[in-house]
Amino acid sequence: MRRLVRPLLFTALATGCGLAFAAGADQAPTGRLPSWAVPQSYQIAFKVDPAQTDFSGTTTIKVKLAKASDHVWLDGASLTVSKVTVTDAAGKTHDAKYVEADSKAGVVRVDFGSTLPAGEITLKFEYTAPLNAQLQGLYKVTAKGQPYAMTQMEPISARYAFPSFDEPGFKTPFDISITLPEGDTAVANTQLVSEKPAGKGWKTVNFAPTLPLPTYLVAFAVGPWDITPTAEISPDAYRSKPLPLRGIAAAGEAHRMSHVISETPSIIHALENYYGFGYPWDKLDVLAAPDFAAGAMENAGLVTFRDWLLLLDKDSPARNVRGSFNVTAHELAHQWTGDTVTLAWWNDIWLNEAFATWMQQKVTEEVHPEYRADLDRVRGAQGAMGNDSLVSARKIRQPITGNGDIETAFDGITYQKGAAVIGMFENYVGDKTFQKGMRAYIQAHKFGNATADDLVNAIATAAGKGDAFKHAFKSFLDQSGVPYVQTKLEHRNGQTVLELKQSRYLPLGSHGDASRIWGVPVCVRYGTADGSKVACDMLDKATGSIVLAGASNPTWVMPNANAAGYYRFSLDKGELAALVKEVAKLSDAEQLAYADAIGASFQHGDLDAGQVLAALKPLTQSKTSQVFTAPLGRVSWIYHHVAKTDVQRARVADWVKAAYLPKLEALGYQRKAGESEDDALLRSTLAATLAFDYKLPAVRAALLQQGEAALKKKADGRLDLAAANPDLLGDALGVAVQTQGKSAVDALIAELPQTSDPALRNGILGGLASVEDPALAEQVRDFAISKPVKVGEMASLLRSGRDTEAQRDAMWSWFAGHYPQILKRTGSFAGGYLPMLAAGGGCSSAEAQRVQAFFKPRMNDAAGISRGLAQTTEAIELCAALQAKQEPASILR
């Protein structure tokens, strides 16, 4: 793995480095590349045969020097450069020298041999490199025994594919050409413009020049791809020509892309209508990747996805169908925020990811209101709050001190917290005003770069707001943590007043400083004689108050109206008791905020387990599945960490059984004609929870019946995986694994290499991940690092089985013994997750100490380990502190 911390001084290498190329005393970059050398355009040519282990390339970069220099700094990693030349402004070509300054960071220096004056120069590199094995740069994958090569450049992996100025602030046009075997197909960011024979079984294809792009958005793929017939997205007020649309998949799979092809036009039109700006690229391809590190990637004109998100049919799990739309909307939103307007540096990655998350939710609400994206926003924000409660949490605008800060920035803070903060200030200024600001921002920075200041200023201008608004917005960007708004009702001078006090939310056992101030747009719903009203104010000091005009006496308060605010709240006992009685009158989003407040009070040490169970009970009467299931996570923690005796565990299990089993029985275990996706998703959630967390016999028996049917061999010797409900396949196989033991595990391990369907593979992996027997768990872990398991699938087999200390100890011993193999399969996105993979779920000081002891000497093994270790350790310590605080007897009250 790479790291950004580079040597302070670069000295001449002794190996073949003549005096003409000796580097002087110039310091190597320790962060961003120097601004005095700026790329103007690229010509990148590749010769790629996916059946081979290496590829070759020629990269030509026009560079503008703002000052005289005898060298430039740029990026390159794992490239064997055989020749580099520099052509000066007078047109004279010289040999140059390519020298690695730091192979891990991927920074190199090109020495010219003499000082060149300011002006435009041309650098040309000839090189070879391996097809990457960690799903980054230009990497190799296999599907049904056939090899493919494709790219994943974000965040800093273009340097593995070609020498480059691998930073988002450098946007230039790219000319891409690829020489490939005659029988293969190549696709890239833009449309194909020519194809010609290259001799000896090769051909060369050329693509139209791109509009200005950063290196991380350059994309292409080579292999026996199957491509759908070109569809067209109709013109509209913002785009005058039809937009060509294609689906691309591994051989024989493109027919399964009809669903995403049919959904995509509505997404594009919704985005164009919002931004008042037409889709900017010359075509749109969506590609189902046979193996992929991320969920999807927004490459301009060639958007790549994990295959299960795009390869859909009537038997696809409901979660895949809904996930397909949401992820597609997210990636297409990036074509405006990220691709058209690009962050200037990685500290502003939220300008890409938070806005795409927020915009996806708006598009989903418009096109598929039944998906309840409004509730996804609330749940996403609450998930981010869990991480944001850590002292080691990132800021939305986290300063970049190394590659680890870049590669760990793709987390819930950037995506979900960022989207929630955007939504909160959109609610504060009004959606039409916010849209006006967003349109101005896109127009002002199209095909260029932008910073947080540019965005905040655009919204402030549209809203007619000044420095106070900007300060409030930036208070959420430039500091970590969750605001904690404590409330108290007062009656004075004939008015009902809600007193407010803010601090940083810190759970029990935290060593953080709670003294922190944000500019929080607080909106409160309160009871009136004829229903309820909402009052709002900006809380930008430690204390404040809101007058509740027309409040009933007594009244009740919900301190986060519409769950629009990114903050947690607490009520005193009297206010909580009053609100509990009114829960059913709250909106669905507000009921989710209420559930979070109960959980936050529990983690803060203000409520015991028995009080939590009582406070959450009203939510189980909701007809909305997201609200109905909101208590499950908190109740599961109580079951596993608080209940100590059989009687206490039985009490919690009875609570769950009474609340959820009747609904599952009404849904049944098979799909029903005409049922909603919500019902299918709810069935999956309830079946998994009741079968695995609480081991309810009736549920396990129903799933076992399906699992046994799926494990029966057909006439061709293959398992009959279609015999199970597709939505329950992984759970059914999981119960079978726990019941049948080794025979089921062996059958699934044998089946996976023969299975190409991504949904069926996910089902097999889910079944194997449910193993409980210690010896079989070891067998499954060993299988996870073997060739039949894709690199992108490995973690799905290693994350589970952590409910007990014995299970975590077994996982720890295995991880420590197989660390080199795991590290070898760890790509750029995953380095920061290694400590969590090893020790996640821990809940004791001993577990915190051992993960610290293991990783401290290994901090440089992969970028991001330092932050991952800090957060994993803190989470374990907080779990231990909360567990120590509990009174198990409270469950029986």
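The lining of the largest cavity in this predicted model is made up, by class, of 11 nonpolar residues, three polar residues and three charged residues. For those of you new to the structure, let me stay with that cavity for a moment, whose volume comes to about 120 Å³. Of the 17 residues that line the largest cavity, the ones closest to its centre are Q382, M385, N560, G565 and Y567.

Where in the chain does the lining come from? At least two lining residues are supplied by each of three elements, namely helix 4, which covers 373–388, strand 30, which covers 568–570, and helix 11, which covers 588–604. Helix 4 gives the largest share of that lining, with five residues. As a general point, empty space left among the atoms is shown by rolling over them a probe the size of a water molecule.

Is Y639 buried or exposed? Its relative accessibility is 15%, and because buried means under 20%, Y639 counts as buried.

And which residues does Y639 touch, once we leave aside its neighbours within four places in sequence? Y639 is in contact with R649, V652, A653, D693 and Y694. To place Y639 against another part of the chain, take L211, which lies 428 residues away along the chain, with 56 Å between the C-alpha atoms of the two.

Key. Residues are numbered from 1 along each chain as its sequence is written. This is a predicted model: local features need pLDDT of at least 70, side-chain atom pairs count only at pLDDT 80 or more; totals for chains, interfaces and linings use all residues. Side-chain values use heavy atoms; hydrogens and water are left out. On a 1 Å grid over the protein atoms alone, a cavity is a set of points where a 1.4 Å probe fits but cannot get out, and a pocket is an open set with protein on both sides within 12 Å along at least five of seven lines; lining residues have an atom within 4 Å of a point. Grid points are joined across faces, edges and corners, and a volume is the space filled by probe spheres set on the points. Helices (H or I, at least four residues) and strands (E, at least two) are DSSP runs, numbered from the N terminus. Ala, Val, Leu, Ile, Met, Phe, Trp, Tyr, Cys and Pro count as nonpolar, Asp, Glu, Lys and Arg as charged, and the others, Gly among them, as polar. Buried means under 20% relative accessible area, exposed over 50%, partly exposed in between (1.4 Å probe, protein chains only). Contact means heavy atoms within 4.5 Å.
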